[in-house]
Amino acid sequence: MTLETDYLIIGSGAMGMAFADTLLDESDAHITFVDRHAKPGGHWNDAYSFVALHQPSAYYGVNSSELGSPRIDTHGPNAGFYEQASGPEINAYFDKLMQQKFLPSGRVSYHPMSDYLGEGQVQSILSGTPTHIEVRKKTVDTTFGGITVPATHTRGFTVAEGVRCVIPNALPQLWMPGAGRQAPQNFCVLGAGKTAMDAVVWLLRNGAQADSIQWVVPRDSWLQNRLHTQPGMAFFNDSIGGEAEKMAAFAESKTMDEVFLKLEVLGQMLRIDPTHTPTMFHYATMSTGELELLRSVTRVIRMGRVQSIAQDALVLEKGRVEMAPDTLYVDCTACAVPPRKPQPVFQKDRIVVQVLRMPLVTLSAAITAYVEVHGSDDASKNQLCTPVPFPENLAGYARATLLSTMNQFQWSQDKPLRQWMRQSRLDAFGRLVSEIDKEDAQKQATLVRLRNNTMTAMAHMGALMA
Ligand SMILES: Cc1cc2nc3c(=O)[nH]c(=O)nc-3n(C[C@H](O)[C@H](O)[C@H](O)COP(=O)(O)OP(=O)(O)OC[C@H]3O[C@@H](n4cnc5c(N)ncnc54)[C@H](O)[C@@H]3O)c2cc1C
């Protein structure tokens, strides 16, 4: 069978959905989605049930549709901050969007449970039936991120027979009577990323004692304080004022370690153990409430990555640790965002959607669609859309900030795009800045400080990246 479409979008994850939403609103194009998953939302479909956004729902998702409600949490470790959608809420949001906006528009075809094989070839996973898609305009690849989560990654270590090693998805099922086995009394969380942090917080909030948890931390990481990611005027000093201070830290530091230490003093960056200097920053965002919970776990194993789990011991890069035989290991070692070399976004009849303002993934996809519709040739479109690589080390944060700021500057020079962004729910901070009262001297002074500090910081980024 052969079908026709204007844009063939590979992947109906957050990026594909955000791209399509803006393309539908800004053009009369026909879109065809192909995705291996049975529902839109990409990796959120495979996540553990207690996953949630790191950031407020207020500026995640697609441009045309609010995610959740603009309420502030009153209890739990996120108290005082805007709500963060849970994984199931995100899945329902994207599904509703597909069922209630995209498909009823008459301009969208959707092929779930289908593999894209290249060259317009699509194959149903369940029946093997091939379909050829004739693309009138462009193929849009939203799979560049290559996200891996515990349910879809391949373990990099071996596990001895009889050892219980689960992914975090299994934790909420521990109450179920399982083949005569008792609920575990000892836990060992493997990995130091956001998933591992979520697993530790989940265990503690669900009754596990802190001293029943061991935690394998191959590398320490800096964490962004969620206070500084809040939208709305009430948080202006923390968000926009914080950005001005961050730029000053970049401008005034000689090394990236110094940048992070300054940001820690300012309360913008957090670390779980103040006696260890983190070597990575992956934009994981935490509240100080969550940090306190994480700090209560003191049985931390810093001996590199796990190589194998024997019946009574963990074998790590730097040695062996004896373990209680009934330990439940929680595998949180999926890397989430693997390192990738960026490529041009606009490549003739192909668009490779990538992050343009770190870490705002869906804003980046929506802007790419806007530029596709309203831009002229590939060269000028690519000038507005320089891909920003995900940081692999601390210097990568300087690079990501530099490139994101340069994109931001390019967008501000394009009047229609600037105006579109001012209306966009995905650009919470741009909108906030545009709403500041001209007579508000204090806030205007903060904006001047932000502009000046940003200019000085940009000139200094090369040295920090080196
Ligand atoms: C636990 C976790 C929490 C996160 N929290 C946040 C957050 O708070 N804020 C934020 O901005 N970002 C967050 N992120 C980053 C997150 O990756 C993005 O928000 C976003 O969901 C990524 O979407 P995507 O479309 O790029 O990728 P994916 O979700 O991976 O979607 C890609 C889709 O492409 C499909 N696909 C791939 N290859 C093929 C093929 N050959 N044929 C058919 N289909 C194919 C896949 O099935 C998948 O559905 C988080 C990530 C993780 C892992």
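Reader: Which strand do four bridges join to strand 9 (residues 187-190), the two running parallel?

Author: Keep in mind that this is a predicted model. In it, Val 189 has Val 330 as its bridge partner. The strands run parallel, and four bridges join strand 9 to strand 18.

Reader: What stands opposite Cys 165 in strand 18?

Author: Strand 8 (residues 164-166) pairs with strand 18 in the parallel sense. Three bridges hold that pairing. Within strand 18, the residue opposite Cys 165 is Tyr 329.

Reader: Are the residues on the two faces of strand 18 (residues 328-331) buried or exposed?

Author: One side carries Leu 328 and Val 330. The other carries Tyr 329 and Asp 331. Both faces are covered, and these four residues are all buried.

Reader: How is the protein divided into domains?

Author: Domain 1 is made of two stretches, 2-147 and 337-412. Domain 2 also has two, 149-220 and 273-335. So the division is into domain 1 and domain 2.

Reader: How far apart do the C-alpha centres of domain 1 and domain 2 lie, and how many residues does each give to the contact?

Author: The C-alpha centres lie 30 Å apart. Domain 1 gives 22 residues to the contact. From domain 2 the contact takes 22 residues.

Reader: How many residues on the side of domain 1 that touches domain 2 are nonpolar?

Author: That side of domain 1 has one charged residue. Six are polar. The nonpolar ones number 15.

Reader: Which residues are closest to the ligand?

Author: The ligand is surrounded by 31 residues. By class, the shell has 14 nonpolar, 13 polar and four charged residues. The closest are Gly 11, Gly 13, Ala 14, Met 15 and Gly 42.

Reader: Which element gives the most to the shell around the ligand?

Author: The shell draws at least three residues from each of domain 1 and domain 2. Helix 1, strand 4 (114-118) and helix 3 (194-205) are the elements that give two or more residues. With three residues, the one that gives the most is helix 1.

Reader: What unit do strand 1, helix 1 (residues 14-26) and strand 2 make?

Author: Strand 1 (residues 2-10) and strand 2 pair in the parallel sense over four bridges. With helix 1, the two strands make a right-handed β-α-β unit.

Reader: Which helix makes a right-handed β-α-β unit with strand 2 and strand 3?

Author: Strand 2 and strand 3 (residues 108-111) are parallel and share four bridges. In this pair, Ile 31 stands opposite Val 108. The helix in the unit is helix 2 (residues 87-102).

Reader: Which residues lie on the two sides of strand 2 (residues 31-34)?

Author: In a regular strand the side chains alternate between the two faces of the sheet. Strand 2 has both faces covered, and its four named residues are all buried. On one side are Ile 31 and Phe 33, and on the other Thr 32 and Val 34.

Reader: Which residue in strand 13 stands opposite Gln 224?

Author: An open sheet of three strands has the order 12-11-13. Strand 12 (269-270) and strand 13 (280-286) are its edge strands. Four bridges join strand 11 (residues 221-225) to strand 13, and the two run parallel. Opposite Gln 224 stands Thr 285.

Reader: Why does Asp 427 count as buried?

Author: Asp 427 is in the loop between helix 10 (415-423) and helix 11 (428-434). Leu 363 and Met 421 are residues that Asp 427 touches, leaving out those up to four places away in sequence. A residue is buried if 20 or more other C-beta atoms lie within 10 Å of its own. Asp 427 counts as buried because its C-beta neighbours inside 10 Å number 24.

Terms used. Residues numbered from 1 in each chain as written. Predicted model: local features only at pLDDT ≥ 70, side-chain atom pairs only at ≥ 80, totals over all residues. Contact = placed C-beta atoms within 7 Å. Nonpolar A, V, L, I, M, F, W, Y, C, P; charged D, E, K, R; others polar. Buried ≥ 20, exposed ≤ 12 C-beta atoms within 10 Å, placed from the backbone. Pairing = 2+ DSSP bridges. Right-handed = clockwise from strand over helix to strand, strands pointing away. Near = placed C-beta within 6 Å.
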